[in-house]
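Hi,

Here is the structure I said I would pass along.

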Amino acid sequence: MVATRTQLMSTLEQTHPTLVRLTSHLSDAELDFRPESEAWSTREILAHLVDDEMFVMRTRLERMVKEERPVLASHDEKKWYRQRNTARDTVDELLSDFAVQRAASLGILRLFRAEEWERTAYHPEYDYFTAEKWVGYWVEHDLTHVRQIESNSAAFSKKP
Ligand code: NI
């Protein structure tokens with residue numbers, strides 16, 4: 001089933017409350033727990049969601065609206081990880097930063113008319129795609145990281 005635009009936006013609206021439910025009560029030990037040595041901790045996943053919202057997800061959307069078929073740069077997550085700003089890394093700061101950033105993204109999407117949903121961009125990994133398709137990726141990205149947080153918590157609770 002292809003999600004409607006309203007469904008896509010309502011999934012994006014649910015992510016912040018879901019993250020609050022899953023992470024706001026966690027101890028630092030659980031927030032920093034890694035199920036495997038290379039895996040991201042829940043704190044790092046939250047930081048990634050905040051940064052992606054500001055610098056990848058919404059930035060790409062804004063470029064699609066304002067530029068004619070912009071060529072979007074690839075985002076290097078390993079590089080992000082090495083250089084990431086950890087200055088606002090408490091769970092309360094991360095959740096409140098995410099709330100602000102997500103509200104700004106939704107503010108833009110709520111103003112979209114049919115023509116904005118159909119704007120296009122080019123990306124070396126995804127080829128040409130529309131703003132609607134991009135919001136579909138965005139929703140998938142949210143859901144992937146929510147599942148990753150749930151699986152970190154499950155692994156933490158089973159740990160000896
Ligand atoms: Ni990601």
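A word on the annotation before anything else: UniProt positions are given here in the numbering used for this chain, feature names are shortened, and an annotation may be inferred rather than shown by experiment. Keep in mind too that this is a predicted model.

With that said, the unreviewed UniProt entry has a "domain: DinB-like" annotation on residues 12-149. In the model, that span is 66% helix and 6% strand, and its end C-alpha atoms lie 17 Å apart.

Now the helix packing. Helix α1 (residues 5-23) and helix α5 (residues 91-110) have axes that come within 10 Å and cross at roughly 175 degrees. Angles over 145 degrees count as roughly antiparallel, so that is how α1 runs relative to α5. On the α1 side, the contact is made by M9, L12, E13, T15, H16, L19, V20 and T23; α5 brings V91, L95, F98, A99, R102, L106 and L109. By type, the residues of this contact split into 10 nonpolar, 3 polar and 2 charged.

- R69 is not a glycine, yet its phi is positive, about 40 degrees. R69 sits in the loop between α3 (42-66) and α4 (77-83), and is exposed, with 12 other C-beta atoms within 10 Å.
- D127, also a residue other than glycine, has a positive phi near 65 degrees. D127 belongs to strand β2 (residues 127-130) and counts as exposed, because it has 8 C-beta neighbours inside 10 Å.

Cheers

Conventions: Residues numbered from 1 in each chain as written. Predicted model: local features only at pLDDT ≥ 70, side-chain atom pairs only at ≥ 80, totals over all residues. Axes fitted to C-alpha atoms, helices over the stretch in contact; angles between N-to-C directions. Helix = DSSP H or I, 4+ residues; strand = E, 2+ residues; numbered from the N terminus. Parallel < 35°, antiparallel > 145°, perpendicular 65-115°, else oblique. Contact = placed C-beta atoms within 7 Å. Nonpolar A, V, L, I, M, F, W, Y, C, P; charged D, E, K, R; others polar. Buried ≥ 20, exposed ≤ 12 C-beta atoms within 10 Å, placed from the backbone.
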